[in-house]
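Visitor: I would like to learn how to read a few features of a structure, taking each idea in general before turning to the case at hand.

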Amino acid sequence: MGALHDCHYDLGLENGINPGGCVELDFEQDPETVAIEDAVKVLLEGLGEDINREGIRKTPLRVAKALREGTKGYNQKVKDVIQGALFPEVGVENGVGQAGGAGGLVLVRDLDLFSYCESCLLPFQVKCHVGYIPSGQRVVGLSKLSRVADIFAKRLQDPQRLADEICLALQHWIKPTGAAVILHCSHIHFPSFAPGCLDSDHSKWVKVVVGSGSGSFEKDDSPMWVDFLGLLRHKDINLETILSRTKASCWCPSRSFKTGPSKSGMVAAVGSIIQSLGQDPCRKELMGTPNRFVKWLMSFKDSNLEMELSEFDGIPLRTIGRVNYKEHIKSELNLSLWSLCEHHLLPFYGLVHIGYLSDEEVNPKGKSLLQSIVHFYGFKLQVQERLTRQIAETVAPLLGGDLMVVVEANHTCMISRGIEKFGSNTATIAVLGRFSNDPAARSKFLQSIPSYSL
């Protein structure tokens, strides 16, 4: 577990600010924003995109806003949050015990945060639990614990360092008897982009639990951890679990990417983005980041997914006449989807469901074809509405023309920008043929779709 010592505390961490930070100018004219925009244009051109196309013309600015919003913690000071938020509170006045401003654990649970992974520049989700034991007859405003955690989350981060930095800052500024932090971190895990390796059972997340303690929590066998973990009420978390995962060398899936040459101009552009965020691209933890990000991004251009529609002889299926056709609604559910939002260059992922009218079932080879169609349109710059339409228009001739397509997806841009809507997801539909004029048929198909859970 991340044990902390005052000798590790430097000026930058004390203030919660990058010493090279500066006062923000008008955002869109800010040199750092302009530099990020220019770099994003290089990346888009490297993907073969027309940067003047309507759908992506403003993407460079949107990406710049998201990145600068997501790393604003470099320009925020912990002392500005804590000072003025410490309140006098007496402890136990009679007898033996701990409570109030002199002992007695204070724990804030289930804080939703996000941070940008320093290994690949993709956002990851954080469920944060932070606690401290008051001392000196004073307590801190509860909202400040969340704000301090957010300062360090809004940086390029690694889970263990994030936990350590939050814990150390609280110990330094609140001066409690002890402080402790546990983080549940979830990093999106894209499948192999090789044809034939895209399956619905692929785990969409890499998850890790890390912890950090200072003061009375610094020793792993401290009895204070018993109270902390008891109040968490998470049956799957204990000190052994946290310790074993803390020792993991690296959790980022991009570390497993095959190394090799990338387009030098695109790699340099990512390095420029990192520098514009106030960080040194040559820092040890960031040295491989530009290459890893470009490798991931180029997968959406070089995936070589193909649809061999002409080679499939099991479709089209026989269509159904107009009498009792609602009794012949068939469905193909839970086709996996991975894609890249063209507005923010951030991933979205989910499931595709297809309803159609036929007295025949799609055989396994046909289902494989439908999955290939989903991947074909998914692995490129997309918006969910267009993706839904494209899948429907391509599948319709193969399934008789009467069909309904539902796409359900989680968008990382919904958590990693100013709105920070954790847990939200988006559903879109496309209807063709008889489904478009028959609410009862649509309702019957929609009821067959299992509850969305990703």
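Visitor: How many salt bridges does the count come to here?

Guide: Side chains of opposite charge can pair when their charged atoms come close. In this predicted model, the count comes to 15 salt bridges. One of them joins arginine 53 and glutamate 342, whose closest N and O atoms are 3.1 Å apart; because arginine 53 lies in the loop between α2 and α3 and glutamate 342 in the loop between β9 and β10, the pair ties together parts that are 289 residues apart in sequence.

Visitor: Is glutamate 342 buried or exposed?

Guide: Glutamate 342 is buried, with a relative accessible area of 1%, whereas arginine 53 is partly exposed at 27%. Glutamate 342 also meets arginine 386 in a salt bridge with an N to O distance of 3.1 Å, and this pair links the loop between β9 and β10 with helix α12, 44 residues apart. Arginine 386 counts as partly exposed, at 24% relative accessibility.

Visitor: At what angle do the axes of helix α11 and helix α12 cross?

Guide: Two packed helices are described by the angle between their axes and the distance between the axes. Here the axes of α11 (residues 364–378) and α12 (residues 384–395) come within 10 Å and cross at roughly 140°, and the crossing is right-handed. The residues of this contact divide into seven nonpolar, three polar and no charged, among them Leu370 and Ile373 in α11 and Leu387 and Ile391 in α12.

Visitor: Which residues touch the most other members of the largest nonpolar core?

Guide: In soluble globular proteins, nonpolar side chains tend to be buried together. In the largest nonpolar core, of 79 residues, they are Cys128 and Leu183, while helix α6 (residues 159–174) gives the most to this core, with eight residues.

Notes: Residues numbered from 1 in each chain as written. Predicted model: local features only at pLDDT ≥ 70, side-chain atom pairs only at ≥ 80, totals over all residues. Heavy atoms only, no water. Axes fitted to C-alpha atoms, helices over the stretch in contact; angles between N-to-C directions. Helix = DSSP H or I, 4+ residues; strand = E, 2+ residues; numbered from the N terminus. Left-handed = near helix turned anticlockwise from the far one by under 90°. Contact = heavy atoms within 4.5 Å. Nonpolar A, V, L, I, M, F, W, Y, C, P; charged D, E, K, R; others polar. Core = buried A, V, L, I, M, F, W, Y, C linked by side-chain atoms within 4.5 Å. Buried < 20%, exposed > 50% of the residue type's maximum accessible area, 1.4 Å probe, protein only. Salt bridge = Lys/Arg side-chain N within 4 Å of Asp/Glu carboxyl O.
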